[in-house]
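Look at the structure shown below and keep it in view while reading.

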Amino acid sequence: MSGGRKAAAGVNSVLGGARSALSSPLDRRSFLRCALVSGAALSIGDLARSQTAMPSWIGPPKQDESRFTVEAKFYQKLQTKKIKCKLCPRECTVGDRERGYCGVRENHGGTYYTLVHSRVCTAHIDPIEKKPLFHYLPGTLAFSLATAGCNVNCKFCQNWDISQVRPEQVPADYAPPKLIADLAKQHGCPTIAYTYSEPVIFSEYLMDTADAGHETGIRSVVVSNGYMQEEALKTAYGKMDAVKIDLKAFSESYYKDVVVGELKPVLEALVTLRTMGKWTEIVYLVVPTLNDSDSEFSNLARWIKTNLGLDVPLHFSQFHPEYLLKNLPITPVPTLERAKAIADAEGLHYVYIGNVPGHPAENTYCPKCRRMLVERVGLTAKQILIRKGGCPFCGQPIPGIWHA
Amino acid sequence: MYWHGDTSRRDFLKSCLTGAAILRASGRLPLLEATEAGTAAGTSRVVIARDAMLRGRGAGLDSARVQNMLDHSMQALLDGDHPIEPWKRLVHPPEKVGLKVNVLGGRGLSSNLQLVEAICERLQEAGIRASDIVIWDRDSDELGHAGFHISTTGNRVQCFGTDRVGYEEELVSHGNVASRLSRILTRSCDLFINVPVLKDHDGAGITAALKNMYGAIHNPNKYHLNACNPYIADVNMLPMIRTKMCLTICDATTAAYEGGPGYKPQYEWRYNALIVSQDPVALDYIGWQIIEHKRAEKGLPTLEANRRAPRYIATAADAQHRLGTDDPKRIALLEV
């Protein structure tokens with residue numbers, strides 16, 4: 001689950017046409033005024049999708065692809081105009097005029113291009129808790145965005161209608177990095193979040209936008225599957241102020257069958273993020289019958305303890321039927337509680353239950369004196385008692401980024 | 001070999017089959033097994049029509065010769081003493097007929113305009129209205145680059161890409177595949193004729209009839225792992241693809257024996273042929289043999305040696321798919 005519930009398409013979804021998750025609804029006029037002040041020409045009309053297949057109803061004209069097309073980073077040129085992508089462990093070898101697995105990077109005559117730079121198909125203002133990031137600027141807002149595409153194909157993806165498509169198949173707006181940084185600032189968002197689909201595949205845009213944000217004091221966080229090669233991870237996520245990794249399961253077979261990916265590179269990515277000193281939180285989406293065994297929970301918790309330490313927040317999140325797993329039930333809350341109990345027993349300090357609004361395991365407790373330090377209800381941080389990065393009651397340091 | 005109007009179809013076929021046996025004996029098609037009897041029950045007929053003079057003196061195709069080649073192959077495949085007869089068996093007005101072409105290779109290696117025009121002419125002579133014929137592939141720009149004129153209105157043959165109308169919202173799935181289908185396939189065609197190009201493919205091994213269906217789904221890039229196996233077979237099992245595909249006319253006028261699917265002129269060859277069948281698996285099997293034969297001639301290793309044998313063909317023929325046959329003993333190969 002990347003960044004929370006299903007994202008509605010279109011940049012104008014920032015405007016409050018969306019759901020209760022929004023904390024700052026804006027009318028369309030205000031949004032457009034912001035966009036124009038930033039010097040960008042948004043074509044909101046281009047967002048209209050064709051609603052019919054009848055030949056007499058031909059859809060809207062194609063967008064100018066060239067403004068989204070930028071030479072990719074992280075690839076190697078081969079003979080006969082082929083390239084080898086070095087962004088993720090798939091290492092797609094891509095022939096001329098072909099695309100990689102992600103569908104958003106294309107070889108033209110031996111040069112590899114991203115097709116989604118500044119090509120935002122979804123943008124929202126979300127509470128940071130929605131990512132979920134619980135130890136990072138609680139109670140603040142994140143200007144959250146995505147392009148189309150993904151480098152895996154999770155059967156439970158709740159954003160498959162933007163992650164499992166090619167960019168030309170979804171309406172998008174041209175939103176260059178500086179525009180995003182300006183919009184974040186104007187809407188009181190101290191953070192830009194790259195989320196919903198899979199930010200690995202829009203790394204070039206992510207990096208440029210993070211740079212633009214940092215120039216104006218806006219931070220960046222990423223919500224990612226972590227399925228990335230080391231050099232790309234260090235370069236791209238090195239610009240992030242916090243990272244949330246979706247660790248889909250603790251078995252290679254699940255990664256192969258349900259995710260169409262691999263576990264090992266993701267574990268390596270987590271270790272790399274730790275050595276980089278990057279604030280990281282982990283979400284484990286618990287899917288009934290597929291990755292919900294006690295042994296898997298134990299192995300996971302033990303691995304985290306050994307390789308990442310006791311202070312990495314681990315969120316066990318409730319699955320909801322979606323995409324290709326509509327036949328499975330919602331994760332029972334007792335299953336989530338069992339997972340948490342196993343992780344707690346291993347000694348992990350910050351184990352949460354996600355997607356169950358009102359559950360006490362959404363709160364942050366001091367691992368030493370057990371007093372509640374951050375009270376959350378759903379996506380809202382109602383009470384934040386952490387002082388100077390620690391527990392105000394016993395003085396225990398509470399790791400995280402608590403203040404801007 | 002040309003059709004002579006005063007020769008019955010039966011005599012014509014007899015001469016073709018005898019010709020096939022002669023070709024085999026002469027070793028011209030060492031990888032192919034031609035039948036010596038008529039098409040027995042349980043066999044799939046694959047017809048190869050060739051014309052060494054297809055281009056005359058120039059590089060372009062001679063439209064009249066393309067028409068002849070098409071007629072010969074269709075009459076051999078579907079029976080008929082007159083060129084229109086097989087088409088009247090295939091299509092029935094007021095059906096809407098799609099032509100799924102392949103234009104990824106641009107002008108150099110795409111379904112030929114003259115072939116498509118010849119097909120459209122025969123369809124109309126069989127009673128299909130021009131406006132009920134739609135030539136399509138994934139993208140309108142790619143169609144244009146391959147020489148097709150985009151047409152979406154009027155009483156003429158339609159031609160446009162799925163980018164103009166989009167994909168169905170609902171996913172359809174089979175096996176390891178879950179995709180959204182082109183709305184051209186689902187809403188503009190009662191049936192369609194598959195018009196692929198015979199090419200080497202650096203992932204799947206070859207691309208011909210079955211892989212051409214990747215152009216009908218929204219997410220083909222997700223299905224290139226493991227040499228596209230079992231994905232190609234699973235895509236062809238999607239109900240509307242399986243039920244609406246009535247015929248494959250594979251354009252092998254210019255084919256590619258290496259470096260596909262993109263166009264690389266150094267690997268093209270003028271095979272000057274059409275390969276026609278109602279069994280896409282058998283057609284792909286034959287196409288594979290043709291490419292292997294050319295590769296051997298050029299001193300290239302087999303696709304198996306290159307670790308990209310088209311295993312999807314056997315998968316498409318297996319008990320779980322039964323999309324056709326890849327058993328040479330059950331393929332009736334006719335050369336006309």
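Two strands are said to pair if DSSP finds at least two bridges between them. Strands themselves (E, at least two residues) and helices (H or I, at least four residues) are DSSP runs, numbered from the N terminus. This is a predicted model, in which local features need pLDDT of at least 70 and side-chain atom pairs count only at pLDDT 80 or more, while totals for chains, interfaces and linings use all residues. Residues are numbered from 1 along each chain as its sequence is written, and chains are lettered from A and ligands numbered from 1 in the order in which they are written.

Begin in chain A. An open sheet there is formed by three strands in the order 1-6-5, with antiparallel pairing. Strand 1 (70–71) and strand 5 (105–108) of chain A are the edge strands, as each pairs on one side only. Strand 5 of chain A is joined to strand 6 (residues 111–114) of chain A by four bridges, and the two run antiparallel. Opposite A:Tyr113 in strand 6 of chain A stands A:Glu106.

Next come two helices of chain A. Helix 8 (residues 294–307) and helix 9 (residues 333–345) of chain A pack with their axes 9 Å apart, at an angle of about 40°. Axes here are lines fitted to C-alpha atoms, for helices over the stretch in contact, and angles run from 0 to 180 degrees between N-to-C directions. Which residues make the contact of helix 8 and helix 9 of chain A? Helix 8 of chain A contributes A:Asp294, A:Phe297, A:Ser298 and A:Ala301, and helix 9 of chain A contributes A:Ala339, A:Ile342 and A:Ala343. Two residues are in contact if their C-beta atoms, placed from the backbone, lie within 7 Å. Five of the residues in this helix contact are nonpolar, one is polar and one is charged. In this scheme Ala, Val, Leu, Ile, Met, Phe, Trp, Tyr, Cys and Pro count as nonpolar, Asp, Glu, Lys and Arg as charged, and the others, Gly among them, as polar.

Some backbone details follow. A:Thr289 is not a glycine, yet its phi is positive, near 75°. A:Thr289 sits in the loop between strand 14 (280–286) and helix 8 of chain A.

In chain B, the peptide bond from B:Asn229 to B:Pro230 is cis, with omega near 10°. B:Pro230 is in the loop between strand 9 (205–207) and helix 7 (231–237) of chain B. B:Gly260 and B:Pro261 are also joined by a cis peptide bond, with omega about 15°.

Chain B has 10 helices and 13 strands, and 56% of its 336 residues are buried. Its average pLDDT is 89, and 88% of the residues score at least 70; pLDDT is the predictor's confidence in each residue, from 0 to 100. Over residues 1–38 of chain B, pLDDT stays under 50. Where pLDDT is low, the predicted coordinates should not be read in detail.

Finally, the chains meet: 22 residues of chain A are in contact with 21 residues of chain B. The side of chain A that touches chain B has seven nonpolar, nine polar and six charged residues.

Note on methods. Buried ≥ 20, exposed ≤ 12 C-beta atoms within 10 Å, placed from the backbone.
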